[in-house]
Amino acid sequence: MSAITREDVAHLARLARIAMTDDELDALAAQLDVILGAVARVQEVAAADIPPTSHSLDLANVFRPDEPVPSLGAALAVAAAPAAEHDRFRVPRILDEEA
Amino acid sequence: MNPLLAATATELAAKIAAREVSAVEVAQAHLDRIAEVDEKVHAFLHVDTDGALAQARRVDDGEISGPLAGVPLALKDVIVTKGVPTTAGSRILQGWVPPYDATIVERMRAAGIVVLGKTNMDEFAMGSSTEHSAFGPSRNPWDLTRTPGGSGGGSSAAVASYQAPIGIGTDTGGSIRQPAAVTGTVGAKPTYGGVSRYGLIAFSSSLDQAGPCARTVLDAALLHEVIGGHDPRDSTSIAAAVPPVVAAARQADVSGMRIGVVTQFKGDGYQPGVLARFDESVAILEKLGATVEEVSCPHFDYALPAYYLIAPSEASSNLARYDAMRYGLRVGDDGVASAEEVMAATRDAGFGAEVKRRIILGTYALSAGYYDAYYGQAQKVRTLISRDFASAFERVDVLVSPTTPTTAFTLGERVDDPMAMYLADLCTIPSNLYGGPALSLPCGLSDDGLPVGLQVMAPVQADERMYRVAAAVEAALGSDKLLEKAPPL
């Protein structure tokens, strides 16, 4: 298996929205190589005809009674926000200046 | 030491109910113990003195009664508590005060349990030593240079050092059982779905399960019954009664039971003292009237690699919620940076190395082109592991193994070697992948003088079997007295 490069890790970090430093990327590339080498052992198991298990409980369409209950409320919902204004979450700009 | 500290939860509840001692006195004795020793152990991240004493007064006023009313408890900081800070061991949640209670917190309050505070853990429950806590490691009361295990090392260390008679942990790959094993305490992971996950901060949702920590098997069973049972707020909660775990712990009789020793979990890599205590425990089970046979579970050899694909994959998705927008840490919001830049800067500053490692690993395993070879294949191995359990339980009632390959390791020894750290969960992971219950209880000391854990694994929804076996071993070995051999703090 090809080694994980620092560029690979940088791409994954972008996907995961983590602004890693160059040092972090280098360290992680080396560690991921070792970890992936170890976990790739699952590929030794002959399992072509085996169905996957995503969950140990075989449940589907679980509902609870549709009874109205009081909600959290805006004031409490934003109480722990890093920034709030008029009972709303205040966030940094989400569009480019030019957009 | 104040005798109230050495008492079991069962004894304390009886004394409180009989008005021999007040719940406030019991709570205060434990708060004093925390003040006295926790500087050394660092089991707690937050002590809720006012909340604990207020709840104790409610018990003393006769507002609440029950088998654990007035008993103090150490709560892992991954369980949300209304009005009480909850961090999951992460800087990204430092200072967060949840607006709601987890279901198990509501149930414990209603049962009169006195939550003393929130205990230390590896960040988002990812680790086996508490060294990945953003707030520094906890220490093993048996030897302060060693880890109390993880991720729930704080709760187990608190229970082992008499700061609380019982605690709550959560177990995704062994985070209740491995700390119990290395601190000489009892820890049980219920059947997946047996205890509500509502208000349990998610790491790997198909594996996470909360459960009891205690110094005796009966105390663990009593707490299991309080927190267990169906919860409509958790769609993966089992709609059935809690298995009769307290009755089983009191029964403590294994005559006629069939015990399977897992072939895969012994031999190379296991400390000789761990294997010796394990073999003695198996011999005791035979002496008590159980039949013992060896059972091979060939796919257990692949449980660790499958787990380290499945859990990080789920984590990479679950932890996407820490986006710096609605709660928790926000860094780099200078009025110029975009939301995406703030998000990425916050996640870099707020997550520790292990959490980042697992998010990146999970992101990789779920990527197009790698999905089938990694995550998809791990899910198939998960099926095969469940089939191993199913065939084993056609022959035997429970499976047993050492809980961990070694006793407590030294702080710093594995923190820079992720694969060495992951090996601590070798024997505990299969039950999480299968969804069945498993329990660890102390079964003596290894050659290094440190506690060894015996793991008992049972079929899905047959939690009572593991309590029955554990209580019998505990009575025969006197392992509820093992902590008396720990050096004083």
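Student: What should I know about the model before we start?
Tutor: It's a predicted model, where local features need pLDDT of at least 70 and side-chain atom pairs count only at pLDDT 80 or more, while totals for chains, interfaces and linings use all residues. Residues are numbered from 1 along each chain as its sequence is written, with chains lettered from A.

Student: Which element gives the most to the side of chain B that touches chain A?
Tutor: Chain B puts 55 residues into the contact and chain A 43 (C-beta atoms, placed from the backbone, within 7 Å). Elements giving two or more residues on the chain B side include α11 (303-318), α13 (353-365) and α14 (372-395); helices are DSSP runs of H or I, at least four residues, and strands runs of E, at least two. With eleven residues, the top giver is α14(B).

Student: Is strand β2 of chain B mostly covered or mostly uncovered, and how many of its residues are buried?
Tutor: Buried here takes 20 or more other C-beta atoms within 10 Å of a residue's own, again placed from the backbone. On one side P72(B), A74(B) and K76(B) pass, and on the other L73(B) and L75(B) do too. So by that definition β2(B) (72-76) is mostly covered, and the buried count is five of five.

Student: Which residue of β3(B) is the bridge partner of P72(B)?
Tutor: Strands pair if DSSP finds at least two bridges between them. β2(B) and β3(B) (114-119) run parallel over five bridges. The partner of P72(B) there is V114(B).

Student: And which residue in β4(B) stands opposite L73(B)?
Tutor: β4(B) (166-170) also pairs with β2(B) in the parallel sense, over three bridges. Opposite L73(B) you'll find I166(B).

Methods:
Contact = placed C-beta atoms within 7 Å. Buried ≥ 20, exposed ≤ 12 C-beta atoms within 10 Å, placed from the backbone.
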